[in-house]
Amino acid sequence: MFEQIKLPYATNALEPYIDQLTVETHYGKHHVAYTKMFNELAEKAGVAGKTAEEILASLDEVADETLRKGLRNHGGGYYNHNLYFESFSPTPEKEPSGKLAEAIDLAFGSLDELKAQLSAAAAGQFGSGWAWLASDMDGNLSISASANQDNPISDGSGRIPLIALDVWEHAYYLKYKNLRADYIKAFFEVLDWKVISDKYDKIV
Ligand SMILES: [Fe+2]
């Protein structure tokens with residue numbers, strides 16, 4: 001049974017950057033719905049015993065096209081939003097530490113440059129989707145964007161997502177309306193680099 005992460009903060013704790021109504025709707029409605037559908041589809045496809053990562057990495061093995069598409073969208077929706085919601089804190093560490101800090105300097109030159117490139121990928125994603133910071137198995141970092149609920153696991157690149165930046169309108173429209181760039185700026189105000197650094201430490 002796939003379960004949503006428990007929010008590690010109150011729904012109003014990310015104000016004013018991410019507002020309470022958006023968290024309540026996004027986590028309490030959208031993420032709930034993805035999770036419910038993913039569980040149903042995983043059961044139907046006979047893959048409910050696998051991890052979400054395993055399912056997303058082996059979608060080609062699901063012969064039925066409707067089930068495969070459903071697992072890609074709802075499994076991605078389930079997995080991506082867990083990553084997204086667990087990455088925030090009302091008292092975030094504002095900079096990466098340890099090995100991640102070194103890897104960022106190596107790949108991007110500076111944290112500001114990483115943020116600029118990730119922001120550009122998020123702003124440039126046409127329509128609904130996500131921007132990602134991901135690592136390969138050797139710890140090399142890269143940035144990408146994907147449509148719908150695709151992610152660096154389901155795209156077959158073998159990368160592990162570290163930062164998931166949701167740019168579906170449901171992530172920002174209640175507060176920011178059409179101003180996606182303002183939401184992207186706000187995202188970094190509550191992104192907890194301790195969570196991201198800890199994730200990276202488990203890879204390398
Ligand atoms: Fe979302």
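Which residue in strand 3 is the bridge partner of Ala134? In this predicted model, that partner is Pro161. Residues are numbered from 1 along each chain as its sequence is written, and side-chain values use heavy atoms, with hydrogens and water left out. Because the model is predicted, local features need pLDDT of at least 70 and side-chain atom pairs count only at pLDDT 80 or more, whereas totals for chains, interfaces and linings use all residues.

The sheet is described here in terms of its strands. Helices (H or I, at least four residues) and strands (E, at least two) are DSSP runs, numbered from the N terminus. Two strands are said to pair if DSSP finds at least two bridges between them. In general, strands of a sheet pair through backbone hydrogen bonds, either parallel or antiparallel. In this structure, three strands form an open sheet with the order 2-1-3 and antiparallel pairing. Strand 2 (141-147) and strand 3 stand at the edges with a single partner strand each, so one side of each is left without a neighbour in the sheet. On average, neighbouring strands of this sheet are turned by 25° against each other, direction ignored; for such angles, axes are lines fitted to C-alpha atoms, for helices over the stretch in contact, and angles run from 0 to 180 degrees between N-to-C directions. Strand 1 (residues 129-135) pairs with strand 2 in the antiparallel sense over seven bridges, and Gly129 stands opposite Ala147 in strand 2. Strand 1 is also joined to strand 3 by six bridges, and these two strands run antiparallel.

Helix 8 (residues 193-203) lies across strand 1, strand 2 and strand 3, and runs at about 155° to strand 3.

Helix 4 (residues 98-108) has the buried residues Leu100, Ala103, Ile104 and Phe108. Seen down the axis of helix 4, these residues fall within an arc of 105°, so they line one face of the helix; the arc is that of the directions from the helix axis to the C-beta atoms. An α-helix has 3.6 residues a turn, so residues three or four places apart point the same way. The face of helix 4 turned away from the buried side carries the exposed residues Glu102 and Leu106. The cover over the buried residues of helix 4 includes helix 5 (111-124), strand 1, strand 2, strand 3 and helix 8, where contact means heavy atoms within 4.5 Å. Just after helix 4, Gly109 takes a positive phi of about 90°.

The iron ion is coordinated by His26 (NE2), His81 (NE2), Asp166 (OD) and His170 (NE2), at 1.9 to 2.1 Å. Donors are N, O and S atoms within 2.8 Å of the metal (3.2 Å for Na, K and Ca); water is not among the atoms, so sites may look incomplete. The four donor atoms subtend angles of 91 to 131° around the iron ion, which makes the arrangement tetrahedral; four donors count as tetrahedral if all angles lie between 85 and 135 degrees. The spacing of the donor residues in sequence is H-x54-H-x84-D-x3-H. Distant parts of the chain are linked by His26 in helix 1 (residues 20-45) and Asp166 in strand 3 (residues 160-166), which are 140 residues apart. His26 counts as buried at 1% relative accessibility, and Asp166 counts as buried at 0%.

Tyr34 has its place in helix 1 and counts as buried, at 11% relative accessibility. With neighbours within four places in sequence left aside, the contacts of Tyr34 include His81, Trp168 and His170. The C-alpha atoms of Tyr34 and Tyr78 are separated by 5.3 Å, although the residues are 44 apart along the chain. Thr22 is likewise found in helix 1 and is buried, with a relative accessible area of 1%. Leaving aside neighbours within four places in sequence, Thr22 is in contact with Tyr27, His170, Ala171, Leu174 and Lys175.

Terms used: Four donors count as tetrahedral if all angles lie between 85 and 135 degrees; four count as square planar and six as octahedral if opposite donors are over 155 degrees apart and all others between 65 and 115; anything else is irregular. Buried means under 20% relative accessible area, exposed over 50%, partly exposed in between (1.4 Å probe, protein chains only).
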